[in-house]
Amino acid sequence: MVRSAWLALGLALVAVGFVGIFVPLLPTTDFMLLALPCFARSSPRLEAWLLNHPRFGPSLRAWRQERAVPRHAKIAACIGMTLGFALFWFHVHPRPLTAAAIGAFMLFWAFWILRRPEPKVEPGGNA
């Protein structure tokens, strides 16, 4: 029963990640990262599929082994957060304290992401 719940959660996270391929500002790799431990607890076959996926596998392996984030992902995350905050600012017109709190929250996570190491180069030249 528990294994089935982990499997269902992992499949749901992969589905949301798949939607993120087509929806701007919805992260794909983040949902794949969340699905990975679900599959580790429920389906070694699906875990291996994610880790060996040509598009997501290198980033997932880098995170699992080194807690590393590729440079292109760092840049995309910071651009996405900046764009998201700008859209929030222009469409919601928040009070200054609300905007400062949300801006500080996003800035904290941007610095956290930027401070993650970059992955070492894998054999075969893939990062």
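Is R67 buried, exposed or partly exposed? Select R67 to begin: its relative accessible area is 44%, so R67 is partly exposed. Buried means under 20% relative accessible area, exposed means over 50%, and partly exposed is in between (1.4 Å probe, protein chains only).

Before moving on, note that this is a predicted model, in which local features need pLDDT of at least 70 and side-chain atom pairs count only at pLDDT 80 or more, while totals for chains, interfaces and linings use all residues. Residues are numbered from 1 along each chain as its sequence is written, and side-chain values use heavy atoms, with hydrogens and water left out.

**Two loops**

R67 is in the loop between α4 (57-66) and α5. Helices here are DSSP runs (H or I, at least four residues), numbered from the N terminus, and strands are runs of E with at least two residues. The phi of R67 is near 55°, a positive value in a residue other than glycine.

Next select H93, in the loop between α5 and α6. The phi of H93 is also positive, near 55°, and H93 is not glycine. H93 counts as exposed, at 60% relative accessibility.

**Helices α5 and α6**

Show residues 71-92, which are helix α5, together with α6: the two pack at an angle of about 175° with their axes 10 Å apart. Axes are lines fitted to C-alpha atoms, for helices over the stretch in contact, and angles run from 0 to 180 degrees between N-to-C directions. This makes α5 roughly antiparallel to α6. Angles under 35 degrees count as roughly parallel, over 145 as roughly antiparallel, 65 to 115 as roughly perpendicular, and the rest as oblique.

To see the contact (heavy atoms within 4.5 Å), select residues including M81, F85 and W89 of α5 and I102, M106 and W109 of α6. By class, this contact has 13 nonpolar, two polar and one charged residues. Ala, Val, Leu, Ile, Met, Phe, Trp, Tyr, Cys and Pro count as nonpolar; Asp, Glu, Lys and Arg count as charged; the others, Gly among them, count as polar.

Now pick L107, which lies in α6. L107 is partly exposed, with a relative accessible area of 49%. From L107 to M81 the distance is 8.5 Å, C-alpha to C-alpha, and the two are 26 residues apart in sequence.

**Aromatic rings**

A pair of aromatic rings is described by the distance of the centres and the angle of the planes. Rings of Phe, Tyr and Trp (its six-membered ring) pair if their centres lie within 6.5 Å; planes under 30 degrees apart count as stacked, over 60 as edge-to-face and the rest as tilted. By this rule there are seven aromatic pairs.

Select F18 and F22: the ring centres are 5.4 Å apart and the planes are at 75°, so this pair is edge-to-face. F18 and F22 are four residues apart in helix α1 (residues 2-22), so about one helical turn separates them. F18 is partly exposed at 49% relative accessibility, whereas F22 is exposed, at 60%.

Then select W109 and W112, an edge-to-face pair with 5.6 Å centre to centre and 70° between the planes. Both lie in helix α6 (residues 96-115), three residues apart, about one turn of the helix. W109 and W112 belong to one aromatic cluster with W63, F105 and F108.

**Charges over rings**

Finish with R116, which lies over the face of W112 at 4.4 Å from the ring centre. A charge sits over a ring if NZ of Lys or CZ of Arg is within 6 Å of the ring centre and within 35 degrees of the ring normal. R41 lies over the face of W6, at 4.8 Å from the ring centre.
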